[in-house]
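Please look over the structure below. My notes follow as numbered points.

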Amino acid sequence: MKNKDFVTRVISSVILVAILLLAGLVGGFAILIFCVVVAFVGMKELYMAVGLYDKNAKDKKDNMLAIAGMVMCIIYFLMSGTFAPLISARSFAMKNAFPDSLSGYIEITDMIGLVNTLSYLSASALYVFAVITVMALIYVFTFKRFDFKQVSYAIVGALYTPLFVTSIFLIRCLNGGKYLFWLIFISSWICDTCAYLVGCNFGKHKMAPVLSPKKSVEGAIGGVVGSVIVAFIFGYFVQHKLFSGNNYATEYMIICLVGACFSQVGDLFASAIKRNNDIKDYGNLIPGHGGILDRFDSVIFVAPIVYVLSLIIL
């Protein structure tokens, strides 16, 4: 990598981490807006990669499936934004609805997490139904303009980024979410960095030679181990010692162990789509990194895993 490209990549990384730090600290609508940007731009990049969206298309109707998906993405997050204050209000009400004498029988914060999860699952099920219905209607009433393969791409694109990325917002809403939020990026970006460093120095056995020749088994293992170590440091020295929070170092290690494995699946999944469509990057929004999907491919896969494991383990 040239020095200029490396400097550009570092500057972009610093700015990106600063944005994440701000959103993570503020929470609420700051995280929601962050999720909207990642989901919407990521969906647009995916649609462009598979040929469903072309801003220079002669016939704008050829973009109909992609536009429908992006509009539904915005509607989905507008609904999330509408219900965000209700989630907070309901959480506050539930905390004060039960007397202290019940504390031995029920953990109120667990109930809040359960209620929010059930609400999310219900909304997601409705969204899935709406996406499939809308795409089916476009397919039927514009028959022969799109084939079933294109409709399938449109459905997957409309579900992939919004549903997975919403988990970032849900994690931040959990009790201790300001700490749990960072497990997503420890499982993905730290894993990616450690895998790269170990792979460059010790990689001998190719993990996916056809899809990604530079990735090695040694690198993958190094990525997982690196994430686990950083998770322990974060849980014990940062959360517990520095901020006098609960010591969840062991639990964080387990979450990041599983999360790091899924992050590499997400990375390879995004790479496979690029290879199938003969493109190097999904975009150029983030200088030195490419598009949103180039930087958040593993994050998108990891977020639901971290959310579910947080509910189960913590």
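Which residues does Met135 touch, not counting residues up to four places away in sequence?

1. This is a predicted model, in which local features need pLDDT of at least 70, side-chain atom pairs count only at pLDDT 80 or more, and totals for chains, interfaces and linings use all residues. Residues are numbered from 1 along each chain as its sequence is written, and side-chain values use heavy atoms, with hydrogens and water left out.

2. Met135 touches Tyr47, Leu65, Ala68, Gly69, Val151, Ala154, Ile155 and Ala158, with residues up to four places away in sequence not counted. Contact here means heavy atoms within 4.5 Å.

3. The largest nonpolar core has 73 residues, and Met135 is among those that touch the most other members, along with Tyr47, Tyr127, Ile168 and Phe296. A nonpolar core is a set of buried Ala, Val, Leu, Ile, Met, Phe, Trp, Tyr and Cys residues joined through side-chain atoms within 4.5 Å. Buried means under 20% relative accessible area, exposed over 50%, and partly exposed in between (1.4 Å probe, protein chains only).

4. Ser310 lies in helix 9 (residues 292–313); helices are DSSP runs of H or I, at least four residues, numbered from the N terminus. Ser310 is buried, at 5% relative accessible area. Its contacts, not counting residues up to four places away in sequence, are Leu174, Leu180 and Ile255.

5. Most residues other than glycine have a negative phi. Lys144, not a glycine, has a positive phi of about 85°. Lys144 sits in the loop between helix 4 (108–141) and helix 5 (148–173) and is exposed, at 73% relative accessibility.

6. Asp278 also has a positive phi, near 55°. This residue is in the loop between helix 8 (249–276) and helix 9, and counts as exposed at 74% relative accessibility.

Definitions and conventions. Helices (H or I, at least four residues) and strands (E, at least two) are DSSP runs, numbered from the N terminus.
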